[in-house]
Amino acid sequence: MSSNPRGYVLIINNEKFHEGTPYTERRGTALDGDNLKALFVQIGFKIYEGQQFRDQTKKEMEVLVQRFASDKRHAHVHASVVCVLSHGKENGRIAGVDGQHITDVEIERNFTASSAPGLAGKPKLFFFVACRGNLWDNGLTVVKDAHGNIVAPATTFPLARGMAVHTDGGVESDAVSGGDLLVMSSNCDEQRTPAQDPRKIPDFTDFLSVYATIPGHISYRNTQEGTFFVKEFVNLVSEEACWNDLLMMITEVNNRLNDITYKGETQTCYTVTRLRKALFLNPGYNISPEA
């Protein structure tokens with residue numbers, strides 16, 4: 001990427017939820033938002049409207065995402081970023097402060113090539129920092145030899161279910177208490193002549209969606225230092241953005257995240273990529289005037 005700015009960043013950061021919802025205050029998320037904002041500015045992005053959008057209801061999130069996706073300035077930059085920090089549930093549901101939910105897919109649909117032609121063919125990055133269920137991962141305790149090789153499992157912990165909100169020690173979670181096979185015709189390829197087809201960009205290509213945790217599981221947040229995921233992501237990208245590509249950096253974020261345990265529980269981030277090329281952020285390198 002070489003545009004100046006690289007792209008625009010939308011940050012939605014829900015901290016204080018309405019009384020009567022099943023969600024508690026997300027203490028520590030303000031630091032996450034500040035750190036993400038500082039990181040993206042540091043590597044050449046511009047924060048949308050110069051602010052984080054705090055404590056948004058479901059409807060406000062819907063309107064905000066639609067407005068951001070349709071912004072005409074996207075036509076002059078090389079990427080876009082959406083960060084959503086909130087409580088969450090299964091099936092991609094992300095909570096507004098009113099307790100109503102928008103899904104990750106509903107957010108992403110605003111950025112398809114058809115819906116946001118100014119971003120067609122450009123990387124669209126999504127960071128969803130929220131629980132995706134109530135499961136936690138106790139992992140497997142292993143024994144390693146002097147060379148770091150796993151030689152034997154020490155203890156196997158069963159996967160636990162249920163509410164997992166830890167307030168002691170300042171760590172909390174962001175959780176709340178088969179189809180038919182599609183058979184293609186064998187001669188469908190014979191009916192198409194690629195040279196005669198117009199060039200098309202698939203609607204959902206060039207997307208990268210990064211989740212703080214795997215489906216069904218909780219995401220940990222320290223009430224003083226923010227979420228485990230954002231802390232490691234910000235640190236790693238600050239260190240390596242000048243020479244490493246984004247997917248490799250997220251792989252290392254996951255490695256670092258796996259080294260963190262809380263009461264014997266672990267966390268794994270989850271990435272869905274539909275990118276077509278390696279993505280280098282190239283901070284400090286500009287060959288085009290500011291958009």
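Me: In which loop is Asp206 found?

Reply: Asp206 is found in the loop between β10 (171-173) and β11 (207-211), where strands (E, at least two residues) and helices (H or I, at least four) are DSSP runs numbered from the N terminus. Phi of Asp206 is near 65°, a positive value in a residue other than glycine. Before going on, note that this is a predicted model, in which local features need pLDDT of at least 70 and side-chain atom pairs count only at pLDDT 80 or more, while totals for chains, interfaces and linings use all residues. Residues are numbered from 1 along each chain as its sequence is written, and side-chain values use heavy atoms, with hydrogens and water left out.

Me: Which peptide bond is cis, and what is its omega?

Reply: The bond from Asn4 to Pro5 is cis, with omega near 5°, and Pro5 has its place in the segment before β1 (7-13).

Me: How should I read the packing of helix α1 with helix α4, and at what angle do they pack?

Reply: Two packed helices are described by the angle between their axes and by the distance between those axes. Here α1 (residues 29-42) and α4 (residues 228-240) pack at an angle of about 20°, with their axes 10 Å apart; the axes are lines fitted to C-alpha atoms, for helices over the stretch in contact, and angles run from 0 to 180 degrees between N-to-C directions. α1 and α4 are therefore roughly parallel to each other, given that angles under 35 degrees count as roughly parallel, over 145 as roughly antiparallel, 65 to 115 as roughly perpendicular and the rest as oblique. The crossing of α1 and α4 is left-handed, a term used if the near helix is turned anticlockwise from the far one by less than a right angle, with right-handed used if clockwise.

Me: Which residues of α1 and α4 meet?

Reply: Asp32, Asn35, Leu36, Leu39, Phe40 and Gln42 in α1 meet Val230, Phe233, Val234, Val237 and Ser238 in α4, contact meaning heavy atoms within 4.5 Å. By class, this contact of α1 with α4 has seven nonpolar, three polar and one charged residues, where Ala, Val, Leu, Ile, Met, Phe, Trp, Tyr, Cys and Pro count as nonpolar, Asp, Glu, Lys and Arg as charged, and the others, Gly among them, as polar.

Me: At what angle do α4 and helix α5 pack?

Reply: α4 and α5 (residues 246-258) pack at an angle of about 135°, with their axes 9 Å apart, and α4 and α5 are therefore oblique to each other. α4 passes α5 in a right-handed crossing. The contact involves residues including Phe228, Phe229 and Phe233 of α4 and Met249, Ile250 and Val253 of α5. By class, the contact of α4 with α5 has nine nonpolar, one polar and five charged residues.

Me: What volume does the largest pocket have, and which residues lie nearest its centre?

Reply: Rolling a probe the size of a water molecule over the atoms shows where empty space is left. On a 1 Å grid over the protein atoms alone, a cavity is a set of points where a 1.4 Å probe fits but cannot get out, whereas a pocket is an open set with protein on both sides within 12 Å along at least five of seven lines, and lining residues have an atom within 4 Å of a point. Grid points are joined across faces, edges and corners, and a volume is the space filled by probe spheres set on the points. About 320 Å³ of space lies in the largest pocket, which is lined by 13 residues, with Gly139, Leu140, Val142, Asn258 and Thr266 nearest its centre. Strand β8 (residues 140-144) gives the largest share of this lining, four residues.

Me: Where does Asp206 come back, and what is the volume of the largest cavity?

Reply: Asp206 is one of the residues lining the second largest pocket, together with others including Met1 and His78. About 70 Å³ of space lies in the largest cavity.
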